[in-house]
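Please read the report below alongside the sequence and the model.

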Amino acid sequence: MTILINSKNEQKESLQPKGLLRYFSFSLDHKVIGIQYLVCGFLFYLVGGSLASAIRIELASPMSDFMPRDVYNQVLTLHGTIMIFLWIVPVVNGAFGNYLIPFYVGARDMAFPRLNAVAFWLIPPSGLMLITSYFVDGAAQAGWTAYPPLSITTPQSGQIIWILSVLLLGGSSIFGGINFIATILKLRRPGLKLMQLPMYCWAMLGTSILVVLSTPVLAGTLILLSFDIVANTGFFNPVLGGNVVVYQHLFWFYSHPAVYIMVLPAFGLVSEILPVHCRKPLFGYTTMVFSIMGIVVLGLVVWAHHMFTSGTPPWMRLFFTIATAFIAVPTGIKFFNWVATMWGGKISINSAMLFSCGFILNFVFGGITGVALAQVPFDIHVHDTYFVVAHFHYIVYGGSVFVIFSSIYHWFPKVSGKLLNEKLGILHFAITFIGFNLCFAPQHWLGLNGMPRRVAEYDPQFQLINQISSVGALLMAVSTIPFLLNIFLSIKNGRKAGDNPWNALTPEWLTSSPPPVENWEGEAPLVEEPYGYGKPIISE
Amino acid sequence: MLDKNYYLILLISSIIGISFWIGFNVNLLPVEASINAPIYDELFKILFIIGLILFFGMSLIVVYSLFKFRKINGQSGDGIALEGNLKLEIIWTVIPSIIVLIVGLYSYNIYDRMGGMKELNNHEVMHNNSEKIWAGISQNSNNISGMENLNIEVSAMQFAFLFNYPNGEFISGELHVPVNEKISIKMESKDVIHAFWVPEFRIKQDIIPGQPTVLNFTPTKVGKYPIICAELCGPYHGGMRASIIVEEVSDYEEWFNQNKKTSA
């Protein structure tokens, strides 16, 4: 067995370029691919963020005066698509999943290294294609939901390129999902039991199941939509007898689970970070595992809560209300468990910990508005308003993106062997947290009082609140400065981190920083208690 | 020990007290101008209070833990190796389940009172009895009885609403309705999906091409309110607005007769 692995790795090493060039190559090393995902995702985050800034500039005044109206719709469509498909999904899954999962299962690489590289290299071209479609005949402008008949009647080239790009990104996501399932279930080091795996593995297993089950549905739907656009078929085109509501069902059958595809891995990452910096075992390991799987199952049967104001019969509304609200139970369990993990610990207050705590507060807030939105009568008033915009930004930005930053602070020493500057990190956290809440909290009020989403102009009575929100957005944009400064300064002349600066017990810390190509010099260590903090055996 | 419990109870009850105070005194919603609005606001208040209690509670625990259990400089070593507590974990599974279930049943009740669960029977829907109409909100059960619905047809297109009054055989760009009367609107879209939203009425229904939808409501307050398109429908989506003017019955009839004459 070991001989086989060695020969494979020799071959692997000889084929790979060295140094910085690795990151621009078709590398098969899971660590290189993880970093490729992260940096590529972050570049797209900067693009998506610039688009968000453009939206907030437009909305600083009630008139549509900053950009043409159709360009505004292109901007909001690209903002949503880029942030979901090119930033959050690839980073929480692809980047951290690729970097960490092989360490966690005690393997030297992912199960299918070539498929892994293909999955990554699908992303940059489809992202570039999506962005440059603006210069063809205008980008897609039907929103990231691409509801027909609007998506059929707007300029075709942009919409078709959008579909093509999302199909490729969906393909990349499916390849990744298959790879993670195979790696977690089949590549575990001998002696390592499933219930000894770090929680991020469970989160990635659950997420990958969702990816593999639901992404093909989106792909099929978008292919049908493209037929409607280019071949004049009538699947969703009401003029030709098609049904627009069927599209919404199919679309949300993927796109609601997509929320969990963005959030479950973040839950997993927080479960790794909190125990290390609190010096306490993860509270309630078993209930955590079951709640992840509970979310996976429930997440597949709640999609119609996005359609309470479309044509859905009453019984269906009732079923989806109850199912959706029940997701709060497994999600709540996880939050109580994290708080219990903190309780009685010896907490180091650093950037990683602060971002994780910020995540808990933001997500609890977004979760509460989520339970309210699940209630049909509540949703009917605020559906498609800024209340919903505020809610899902609390989930995906306040949740997932805060965790991404927390994870970068946590694993940067592992990847680079250097420590990040804590002062800049805490400054980054403070500006992000204040800016984020200033930007999105007031938007709840806007939605309740009559401002719909996706508009370039609005009732002048909402101007002040919109301007407050825009100031928050400005702060969020500024917050990337200390972050980028920190990264570049620390790579250049950061303090040496040593192999295990946090004294963590999970397997990725039990090798050198940065790790060797084969992950461990000798055999992979058997970590039976990844959260064994405070236990006598560990102390020596 | 008794002391500690005493403070804990004091803290919890003050969180609950503050949440209730905010819930009853901070109004985040616009004017209530239909029969549905106060029912909606009742649900909102309850959800708001439960949400505040949970949010304040969780935030307080997180912030308290950060301060109380922070590592003092130079301190090393680990916390207690507590890996779980079955009793606690059962408690925080069961209690949220009960809360979620109660809230779900309660909102079902609210929805029923708003007329959402009622079948849209043929007699409530205007002509074309055979046509399948998809549900919006149906007329309230506790409605002012004995009156016929006022039927109006709405057609939505990029980027305007048109209101057709079948009884008067005229089309208007503004929706005039008499106060305290049952209004039934049947909506059709000429092109893409739109939505009919009146925030002061707390109702919304998509207007779907190829599939008529129905919405029933009873305005209770005289005034002029916006009708807003809430579904992205193209470049001028933000400008797609109309007004609903709720008038005293006499004013409404005057307006109606005036228009009837001119168009006839």
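Helix H13 of chain A is mostly covered, with 15 of its 15 residues buried, where a residue is buried if 20 or more other C-beta atoms lie within 10 Å of its own, exposed if 12 or fewer, and partly exposed in between, the C-beta atoms being placed from the backbone. The model is predicted, so local features need pLDDT of at least 70 and side-chain atom pairs count only at pLDDT 80 or more, while totals for chains, interfaces and linings use all residues. Residues are numbered from 1 along each chain as its sequence is written, and chains are lettered from A and ligands numbered from 1 in the order in which they are written. Helices (H or I, at least four residues) and strands (E, at least two) are DSSP runs, numbered from the N terminus.

H13(A) covers residues 328–342, and its 15 residues should span 21 Å at 1.5 Å a residue, which agrees with the 21 Å between its end C-alpha atoms; the expected span is 1.5 Å times one less than the number of residues. Just after H13(A), A:Gly344 takes a positive phi of about 80°.

Another glycine of chain A, A:Gly447, is placed in helix H17 (residues 422–449). A:Gly447 counts as buried because it has 24 C-beta neighbours inside 10 Å. Leaving aside neighbours within four places in sequence, the residues in contact with A:Gly447 are A:Val382, A:Thr385, A:Tyr386, A:Phe387, A:Val388 and A:Ala390, contact meaning that C-beta atoms, placed from the backbone, lie within 7 Å.

In chain B, five strands form an open sheet of mixed pairing, in the order S3-S2-S1-S5-S8, two strands being paired if DSSP finds at least two bridges between them. Strand S3 (170–172) and strand S8 (213–217) of chain B stand at the edges with a single partner strand each, so one side of each is left without a neighbour in the sheet. Two of the pairings are set out here.

| Strands of chain B | Bridges | Direction | Facing residues |
|---|---|---|---|
| S2 (residues 160–165) and S3 | three bridges | antiparallel | B:Phe163 and B:Ser172 |
| S5 (residues 183–189) and S8 | five bridges | antiparallel | B:Ser184 and B:Asn216 |

S8(B) is mostly covered, since five of its five residues are buried. Both of its faces are covered, with B:Thr213, B:Leu215 and B:Phe217 buried on one side and B:Val214 and B:Asn216 buried on the other.

The contact between the chains takes 73 residues from chain B and 75 residues from chain A. On the side of chain B that touches chain A, helix H2 (36–68), helix H3 (86–113), strand S6 (194–198), strand S7 (203–207) and strand S9 (223–228) each supply at least two residues, and the largest share, 13 residues, comes from H2(B). By class, this side has 43 nonpolar, 20 polar and 10 charged residues; Ala, Val, Leu, Ile, Met, Phe, Trp, Tyr, Cys and Pro count as nonpolar, Asp, Glu, Lys and Arg as charged, and the others, Gly among them, as polar.

Chain B is divided into domain 1 (2–66 + 90–113) and domain 2 (150–263), with bounds from an automatic or database domain assignment. The contact between them takes eight residues from domain 1 of chain B and 13 residues from domain 2 of chain B.

How values were computed
Two residues are in contact if their C-beta atoms, placed from the backbone, lie within 7 Å.
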